[in-house]
Amino acid sequence: MEYQLTREICSVCETLIEGTKEQPIDIGLELPDYCPDIERILKCRVSPSVTGRTISGDVLEINGTALLSLYYIDSKKQSIRLCEHQSPFSCSFQLKEPAPEAAVSVRLRTEYLNCRAVSPRKADIHGAFSVIVSVFTGSEQEYITGIIGDDIQQSLRHETVSRVCGCSQQQFSITEVLDIGQGKGLPESILRSDLSVSCQSIKALSDKLMLSGEAVLRILYLTDAESGARDTMTFNIPFTQVIDAKGVTDSTVNEVRLEVMSYSANLRSEYDENSTLVMLDARLCAAVIACEDMEISIIEDAYSTDFDLELEYKQYKVIRLVSLPDITHFAEAQISSGDNAITQILDLWTEGVSSICVYENDDLSIRGKLVCCMLALDNDGVPFYIERPVEFAVSPDIPAGLSSPAARIDVAVKNISFRITGDNTVDIRAELRLTGSVYENLRIRGAASASASEDSCRTKDRAAALTLYYADEGEKLWDIARNYCTSAEAIKLENEMTEDVIAARGMLLIPM
């Protein structure tokens with residue numbers, strides 16, 4: 001006979017893919033006519049950006065451009081020069097299933113880059129960068145909460161889990177006209193720029209989120225190409241954006257991952273040679289996972305007092321959101337310029353921030369490194385470039401005793417400062433912001449089906465209404481009740497007990 005089962009559904013966060021695809025770089029870069037000859041290469045960097053990302057059926061398509069920037073010293077003026085080349089790229093990822101509603105995270109990481117000047121007018125560049133994607137969606141999971149039958153006894157496991165209410169993503173733009181101001185030199189060209197964004201507050205509306213944050217644009221620019229004079233500027237740009245986020249309510253916990261897809265920062269000097277204006281056009285994407293706590297009950301064990309019950313089990317996967325950390329951490333290091341004496345630092349920035357989450361000895365740590373990049377002047381006033389790795393480790397506060405914790409953490413560099421401490425040493429202090437989620441993966445063994453044969457009846461002793469049983473300390477009433485075809489509650493009632501485990505050896509009355 002088949003028993004009628006009661007079922008419930010919980011939507012869990014499922015990772016459809018975590019994948020990486022490497023994009024090769026193989027370019028012979030020839031200088032345009034307006035660029036002076038190469039005396040010495042300082043730095044070659046690749047800055048990949050995403051121009052579009054779409055999910056069609058079960059395929060994620062990524063399109064973007066890779067901007068190659070060659071920094072070098074010219075042969076006449078010992079000035080920093082820049083030559084750029086832009087190439088498109090595209091790649092696709094196969095998902096486990098179609099995902100019309102998903103939160104997508106895309107990271108771009110330079111793997112390696114080799115550059116050498118083969119002539120004063122040409123450089124060979126070889127390397128690769130990786131496109132790293134994670135796609136999350138809500139996946140409905142059905143589990144059994146009860147078996148209906150007067151002869152059925154069942155043991156339930158109760159858990160508080162995080163139910164996914166919605167996964168979504170939305171792109172939006174920031175366009176600003178920024179003024180360097182009259183207190184600095186007039187900009188002739190931008191040598192280097194970087195843009196970072198952070199979300200400072202989130203306000204939930206019905207199926208919408210209001211994001212308030214800040215974009216920070218840093219630029220290094222030439223004020224005089226003849227002399228090589230340079231200056232830097234930092235712009236702090238506040239923004240507010242309302243995005244569609246299906247499933248969001250005032251009771252959901254919302255994990256937001258904000259990314260810069262692409263941006264451009266250009267001077268407006270082509271319209272006015274005395275202009276101090278910078279045009280910023282940035283494309284951002286916000287990926288949202290909305291969750292709320294839900295109490296679930298899963299059948300761990302069951303038996304029939306009348307028949308031999310056959311149970312089939314399965315492993316149910318559920319997730320419990322532990323926290324949404326927002327941590328400020330300072331990574332410090334001393335770097336050496338080797339044989340080059342440092343008289344002035346022209347620019348300092350970071351690249352290649354990477355991190356992993358490690359759980360051991362009840363401690364969750366986020367460990368990673370960033371590459372500190374520095375342009376400086378030596379004793380002769382000649383620019384040189386160095387880069388050094390800086391490691392960091394952060395341990396967010398989590399409850400003790402988690403069974404299988406994990407984390408999704410984004411690391412952003414908010415600020416970097418320096419202090420020249422010797423002829424060739426610099427103390428670096430990078431302010432990092434770590435945001436994301438810490439969660440616990442739970443796998444619960446529970447019943448998947450229940451059946452019994454009416455020809456397979458259990459043998460009961462009906463000669464007496466009560467049976468005497470001598471129980472040992474530590475025995476479970478559930479096991480005793482199963483053996484005697486009764487219920488644990490009936491034994492508790494007959495013996496005026498409240499606990500499920502025998503506290504001390506003694507006699508029990510078992511109702512038959």
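**Strands, cores and salt bridges**

Guide: T232 has a relative accessibility of 31%, so T232 counts as partly exposed. This is a predicted model, and local features are taken where pLDDT is at least 70.

Visitor: In which strand is T232 placed?

Guide: T232 touches K184, I219, L220, Y221, L346 and D347, leaving out residues up to four places away in sequence. The C-alpha atoms of T232 and L222, ten residues apart along the chain, are separated by 8.9 Å. The strand that holds T232 covers residues 229–244 and is β10.

Visitor: D347 is among the contacts of T232. With which residue does D347 form a salt bridge?

Guide: Side chains of opposite charge can pair when their charged atoms come close. For D347 the closest N and O atoms of the pair are 2.7 Å apart, and the partner is R192.

Visitor: How many residues apart are R192 and D347?

Guide: R192 has a relative accessibility of 3% and therefore counts as buried. D347, at 8%, is buried too. R192 belongs to strand β8 and D347 to strand β15, so the pair links distant parts of the chain. The separation is 155 residues.

Visitor: How many bridges join strand β15 to strand β16?

Guide: β15 covers residues 344–360 and β16 covers residues 363–377, and the two run antiparallel. Q344 stands opposite L377 in β16. The number of bridges joining β15 to β16 is 14.

Visitor: Which residue in the turn between β15 and β16 has a positive phi?

Guide: Most residues other than glycine have a negative phi. β15 and β16 form a hairpin with two residues between them. In that turn, the residue with a positive phi of about 55° is N361.

Visitor: D207 and C485 also have a positive phi. Is D207 buried, partly exposed or exposed?

Guide: D207 is not a glycine, and its phi is about 60°. D207 lies in the loop between β8 and β9. Its relative accessible area is 37%, which means that D207 is partly exposed.

Visitor: Is C485 buried or exposed?

Guide: C485 has a phi near 55°. C485 lies in the loop between α1 (477–483) and α2 (488–495). The cut-off for burial is under 20% relative accessible area. At 9%, C485 is buried.

Visitor: Which residue forms a salt bridge with D410?

Guide: D410 is in strand β18, and its partner is in strand β11, 153 residues apart. The N to O distance in the salt bridge is 2.8 Å, and the partner is R257.

Visitor: How many residues apart in sequence are the parts tied together by E440 and R320?

Guide: E440 forms a salt bridge with R320, with the closest N and O atoms 2.6 Å apart. E440 is buried at 4%, whereas R320 is partly exposed at 22%. E440 lies in strand β19 and R320 in strand β13, so the pair ties together parts whose separation in sequence is 120 residues.

Visitor: How many salt bridges are counted?

Guide: The count includes salt bridges that share partners, which join K43, R45, E351 and E387 into one network. A salt bridge here needs a side-chain nitrogen of Lys or Arg within 4 Å of a carboxyl oxygen of Asp or Glu. By this rule the count is 30.

Visitor: How many residues are in the largest nonpolar core?

Guide: L60, I62, L70, F93, V131, V133 and V135 touch the most other members of this core. The elements that give two or more residues to it are β1, β2, β3, β4, β5 and β6. A second, separate core of 33 residues includes A215, F235, I237 and I243. The number of residues in the largest nonpolar core is 34.

Visitor: Is Q23 buried or exposed?

Guide: Q23 is found in strand β1. Its contacts, not counting residues up to four places away in sequence, are F89, S90, C91, G127, A128, F129 and V131. The relative accessibility of Q23 is 11%, so Q23 counts as buried.

Visitor: What is the area of the nonpolar surface patch made by L468, Y470 and M507?

Guide: L468 lies in strand β20, which covers residues 466–471. With Y470 and M507, L468 makes a nonpolar surface patch of about 340 Å².

Methods: Residues are numbered from 1 along each chain as its sequence is written. This is a predicted model: local features need pLDDT of at least 70, side-chain atom pairs count only at pLDDT 80 or more; totals for chains, interfaces and linings use all residues. Side-chain values use heavy atoms; hydrogens and water are left out. Patches are made of residues with over 30% relative accessible area and no salt bridge: like charges are joined within 9 Å, nonpolar side chains (Val, Leu, Ile, Met, Phe, Trp, Tyr) within 5 Å. Accessible areas come from the Shrake-Rupley method with a 1.4 Å probe; for residues, only the protein chains shown count as cover. Helices (H or I, at least four residues) and strands (E, at least two) are DSSP runs, numbered from the N terminus. A nonpolar core is a set of buried Ala, Val, Leu, Ile, Met, Phe, Trp, Tyr and Cys residues joined through side-chain atoms within 4.5 Å. Buried means under 20% relative accessible area, exposed over 50%, partly exposed in between (1.4 Å probe, protein chains only). Two strands pair if DSSP finds at least two bridges between them. Contact means heavy atoms within 4.5 Å.
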